[in-house]
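Take a walk through this protein model with me. Keep the picture open and find each residue as it comes up.

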2 protein chains.
Amino acid sequence: MSKPTPISGFPEWTPAQRMIEQYVLDRIRSTFELYGFAPLETRAVEPLDQLLRKGETSKEVYVIRRLQGDPEGAAGDDALGLHFDLTVPFARYVLENAGKLQFPFRRYQIQKVWRGERPQEGRYREFLQADIDIVDRDTLAPHHEAEMPLVIGDALRALPIPPVRIQVNNRKICEGFYRGIGLTDPEATLRAVDKLDKIGPAGVTELLATTAGASEAQAKACLALAEISAPDASFADAVRALGVSDPLLDEGVAELTAVVETAAAHSPGLCVADLRIARGLDYYTGTVYETQMIGYERFGSICSGGRYDNLASAGTIRFPGVGISIGVTRLLGLLFGAEALTVSRSVPTCVVVAVTSEELRGASNRVAEALRSRGVPTEVSPSAAKFGKQIRYAQRRGIPYVWFPGAEGAPDEVKDIRSGDQVVAAAWEWTPPRADLTPLVS
Amino acid sequence: MSKPTPISGFPEWTPAQRMIEQYVLDRIRSTFELYGFAPLETRAVEPLDQLLRKGETSKEVYVIRRLQGDPEGAAGDDALGLHFDLTVPFARYVLENAGKLQFPFRRYQIQKVWRGERPQEGRYREFLQADIDIVDRDTLAPHHEAEMPLVIGDALRALPIPPVRIQVNNRKICEGFYRGIGLTDPEATLRAVDKLDKIGPAGVTELLATTAGASEAQAKACLALAEISAPDASFADAVRALGVSDPLLDEGVAELTAVVETAAAHSPGLCVADLRIARGLDYYTGTVYETQMIGYERFGSICSGGRYDNLASAGTIRFPGVGISIGVTRLLGLLFGAEALTVSRSVPTCVVVAVTSEELRGASNRVAEALRSRGVPTEVSPSAAKFGKQIRYAQRRGIPYVWFPGAEGAPDEVKDIRSGDQVVAAAWEWTPPRADLTPLVS
């Protein structure tokens, strides 16, 4: 077998990086649970026709087929694809299990997703997302939209990462405003304004004219709206100053005000109303969220989502929801790339128990058992080589302690191999300092 | 959208079942880390040619292709398939990263795998495995084979499941014995003996004659070996009593004796030498393991593995290893089916903070913040309905406490809705009994 090579877009972390990832996931999960979100996992596959309901994503789907199965099957009605996000599977799960769930239903879901895109920097074909969503039956109270930034703010603040800023907008503001100035195709307008960062104001003005039939004055108004940004409810004054009146606009302003004020009461500076935030996906109907990591703004959003009303419906029953998704792989990829995250050792092990001779391995096993029974991660040395070599085994992995079973009635001793300090110890009572027990992430 | 239906072989748990699964995974992971195994995740896909190196598994592979990609690509050299176990990807990872890893390398890996089989009871197309492996460069000391049952014994004993029995055998015993009685095709012999449970001694005798050229006496000897089973080193006496002599046989007996004695010193009764255990996969070269859950023996092994010497090699460098895999989905599927596992509530939430009116939602948010800051999972009531309705919201989810913010300067109160007891409390100091803090699995 020749040496295998990585597959582009399918990242694999080292064990040390995986320890950091697990630390991050544990923290995220803990915050989600503190807010009462219940865990859920859905299968990795969905019927292809479900995945293709949104035409724009079809290019990104991986289709699967059994190697020995009928090749035609892959194109048939029962063809399966790997899910490309966790929102579509969740909406399907809610419909399928509506009779068994309690509404409003709060769930979190941390899973891999796959997209068959051409990979580029910061884009992956396989990546991990951590989502929360709240769905209700028939109607969903807007205060749930104000809760999302609190959860995400707490979750991200608990991580060893730079501070973040959540940018919020509300689709109703855009739609109401566009309608209020006489534009009849809000989606085309939104798509054009969404390109502001890429093509600049002049480009957007031109695009608005050709795709949304906007006059120069209308384009100017759209750009003025997109310019509005404020860390508090003052954004609403700026909107009103544009002199446009529309009931949907007023509703959106009220909802966004509640989102910004709720966030400010929880953690000042966390949330900014930024009226240029559009989000590509067209299923959003209310608040939309993006999140920048301070100092990493050029890499785009690491946590996005929004309110949706039409993802899940069966007959006359609708399940409106709001959700937000942390791009864990993206976040870690950025920070690993910048060497901004480290862990104090490359294995969980705190103690290596030395082995005097293979005949006495059983005695070392007893020591390890005693240490493990009190929660101390312990390995027994893989060889009965000279102690110097056994110590180097620990050293190379960053393991802080080596334990020497006492020979012929002598007491055991434990050595801190960083300082060289060696003390008499008993396996049923010795405890390492708290900071040494598990690897430290920083 | 019509109501979606489940896809056969792709199980999905309820949120309550997922809480149990997470509890199980946390325990397993904690035990693996106590033994110093480092975490690893590999990508979900491998090059198809790697997955097909073992011809017998080819029927089980799912191939993936990009929906918009070249359909020919799926059959080409760079075609990708979903991994069907975690051993093959791990062997590939070791080869790919050998220069960066410290050997012996101990890793655990808990991930989904996929098999495109026709599903049947207890078989899944998507399922979760929890693996540990130890690989070394060039040679792997046999004591690592004796360590596996200790880890698995501790991991499974920490779970709320029936006790288990690990059955061990050693390929060298079988091969050496078959050679010692003059049979020249040990693999064909092993495959025939492996069918003992299915086709009985007479069937095996016939199969041995046709596929391995065994005489009646040889077949009888093979069956006599397969009959041997003992909870201690006495199995070796029974083997010797068969009067067959071969150096590989002696090596196998010595290794298996060490495995059984090491396990007995750690936990008496955990391990049984059972010389009919063969394992289907032909890459095993030493100790092999299967695990029965007492009372669920008819469902087969829930945790299997073995020693392998030829899975990973590059040029003249070999990486022999030993590993074992807990079939988590299989285990949970059995126990969920038998309704043998329950959790005390269907959400992580310990407290629901009531909302007096939507205008006062901010005050309830403050209470929730204070409780969460001290680790108490808390939700704010989704509506400002009558308190009776808010209490029923908690009741339906099994949430034990409802918190009532004090009106107009009155102190807050918290109600245990199981007993009806209601007491004055302050959010910055009240703590629920430890047993109520998180859901209990039993």
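F10(A) and Y62(A) are both buried. Here buried means under 20% relative accessible area, exposed means over 50%, and partly exposed lies in between (1.4 Å probe, protein chains only). The model is predicted: local features need pLDDT of at least 70, side-chain atom pairs count only at pLDDT 80 or more, and totals for chains, interfaces and linings use all residues. Residues are numbered from 1 along each chain as its sequence is written, chains are lettered from A and ligands numbered from 1 in the order in which they are written, and side-chain values use heavy atoms, with hydrogens and water left out.

Now look at the rings. A pair of aromatic rings is described by the distance of the centres and the angle of the planes. Rings of Phe, Tyr and Trp (its six-membered ring) pair if their centres lie within 6.5 Å; planes under 30 degrees apart are stacked, over 60 edge-to-face, and the rest tilted. Over all chains, the structure holds 23 aromatic pairs. F10(A) and Y62(A) make a tilted one, with 6.4 Å from centre to centre and 40° between the planes. This pair links distant parts of the chain: F10(A) sits in the segment before α1 (15-34) of chain A, and Y62(A) sits in strand β3 (residues 62-66) of chain A, 52 residues apart. Helices (H or I, at least four residues) and strands (E, at least two) are DSSP runs, numbered from the N terminus.

W114(A) and W114(B) form an edge-to-face pair, at 6.0 Å centre to centre and 80° between the planes. W114(A) lies in strand β5 (residues 105-114) of chain A and W114(B) in strand β5 (residues 105-114) of chain B, so the pair joins two chains. Both W114(A) and W114(B) are buried.

What else happens between the chains? The contact (heavy atoms within 4.5 Å) takes 94 residues from chain A and 94 residues from chain B. The area buried between chain A and chain B is about 8100 Å², and carbon and sulfur atoms give 56% of that. Buried area is the accessible area (1.4 Å probe) that two parts lose on being put together, summed over both. Ten salt bridges cross the interface of chain A and chain B. Each is a side-chain nitrogen of Lys or Arg within 4 Å of a carboxyl oxygen of Asp or Glu. R18(A) and E41(B) form a salt bridge through their side chains, at 3.3 Å from N to O. α1(A) gives the most to the side of chain A that touches chain B, with nine residues.

Finally, turn to chain B. Seven of the ten residues of helix α5 (residues 171-180) of chain B are buried, so the helix is largely enclosed by the rest of the structure. Among the buried residues of α5(B) are I173(B), C174(B) and F177(B). The cover over the buried residues of α5(B) includes β7 (164-170), α6 (186-193) and α10 (247-266) of chain B. Just after α5(B), G182(B) takes a positive phi of about 95°.

E145(B) lies in helix α4 (residues 143-157) of chain B. At 2% relative accessibility, E145(B) counts as buried. Leaving aside neighbours within four places in sequence, the contacts of E145(B) include N170(B), Y289(B) and R307(B).
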